[in-house]
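Here is a note for a colleague who is opening this structure for the first time. Please keep the sequence and the model side by side while reading.

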Amino acid sequence: MKTLYFDCSSGISGNMTLAALTEIIGDENYLIEELKKLHIDGYEINISKKVKNGITGTHVDVILTHQHEHSHVQKEQDHHHNHEHRNLHDVCEIIDNSDIDEESKDLAKRIFMRVAKAESKVHNKPLDEVHFHEVGAIDSIIDIVGTAILINKIHPDKIISSVVNDGHGFIE
């Protein structure tokens, strides 16, 4: 049984997830080539090795370029939506119209659905009124779709995670 374990004791981010999964696969070009199948521009991916506290690890940066991001779906929607504020339907349409494998498409859409449900609950809005600000932006689409692609490449039987340390505080 192949188990994928995320140790989130220091938190977790899209970049950290992409880096860890890319390191497991051992092929930096795989992620870059697969993400081209999304047919969107406005970003570059920089994968490098970095040393922190004497430990070498993979580092993934999603760099936004100055071009306007466009997909064939987005070009039609530009006059209706600002590209930074997409709803679940917009994001799913970009994923559906890509050439990414069906399993990765399905996982990416399920991840976005979970995020949309959480946003819906936090903001007390119906699901179809939730607009992704950060999550709808290009870097978050790359993080989530890239994670789905890499998880499907690894093809674990089980995925588990430590508790996410999100800090704590109090109000007096």
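The numbered points below go from the basis of the model to its overall layout, and then to particular residues.

1. This is a predicted model, in which local features need a pLDDT of at least 70 and side-chain atom pairs count only at pLDDT 80 or more, whereas totals for chains, interfaces and linings use all residues. Residues are numbered from 1 along each chain as its sequence is written, and side-chain values use heavy atoms, with hydrogens and water left out.

2. The chain has six helices and six strands, these being DSSP runs numbered from the N terminus (helices H or I with at least four residues, strands E with at least two). Read along the sequence, they follow the pattern β-α-α-β-β-α-β-α-α-β-α-β.

3. Of the 172 residues in the chain, 39% are buried, where buried means under 20% relative accessible area, exposed means over 50%, and partly exposed lies in between (1.4 Å probe, protein chains only). Among contacts with a separation of 6 or more, 64% join residues 24 or more positions apart, a contact being heavy atoms within 4.5 Å.

4. The largest nonpolar core has 36 residues, and Leu35, Leu38, Ile40, Tyr43, Ile142 and Val145 are those with the most contacts inside it. Such a core is a set of buried Ala, Val, Leu, Ile, Met, Phe, Trp, Tyr and Cys residues joined through side-chain atoms within 4.5 Å. Several elements each supply at least two residues of this core, including S1, helix H1 (14-25), helix H5 (102-123) and H6, and H6 gives the most, with ten residues.

5. Why can helix H6 be called largely enclosed by the rest of the structure? The reason is that 15 of its 17 residues are buried. Its length also agrees with expectation, because the 17 residues (138-154) should span 24 Å at 1.5 Å a residue and the end C-alpha atoms of H6 are 24 Å apart; the expected span is 1.5 Å times one less than the number of residues. Leaving out residues up to four places away in sequence, Val145 touches Leu35, Leu38, Ile95, Ile100 and Ala108.

6. Where do the two ends of the sequence meet? Beyond residues up to four places away in sequence, Tyr5 touches Ile160, Ser161 and Ser162. Ser162, in the segment after strand S6 (158-161), is in contact with Tyr5, Phe6, Asp7, Cys8 and Ser9, its neighbours within four places in sequence aside. Tyr5 is partly exposed at a relative accessible area of 47%, whereas Ser162 counts as buried at 18%.

7. Some backbone angles deserve a careful look, because most residues other than glycine have a negative phi. His39, in the loop between H2 and S2, has a positive phi near 60° and is partly exposed, with a relative accessible area of 33%. Asn124, in the loop between H5 and strand S5 (131-132), has a positive phi of about 55° and counts as exposed at 70% relative accessibility. Just after H6, His155 likewise takes a positive phi of about 55°.

8. The structure holds zero disulfides, a disulfide being a pair of cysteine sulfur atoms within 2.5 Å. Cys8 is buried, with a relative accessible area of 4%, and Cys92 counts as buried at 16%.
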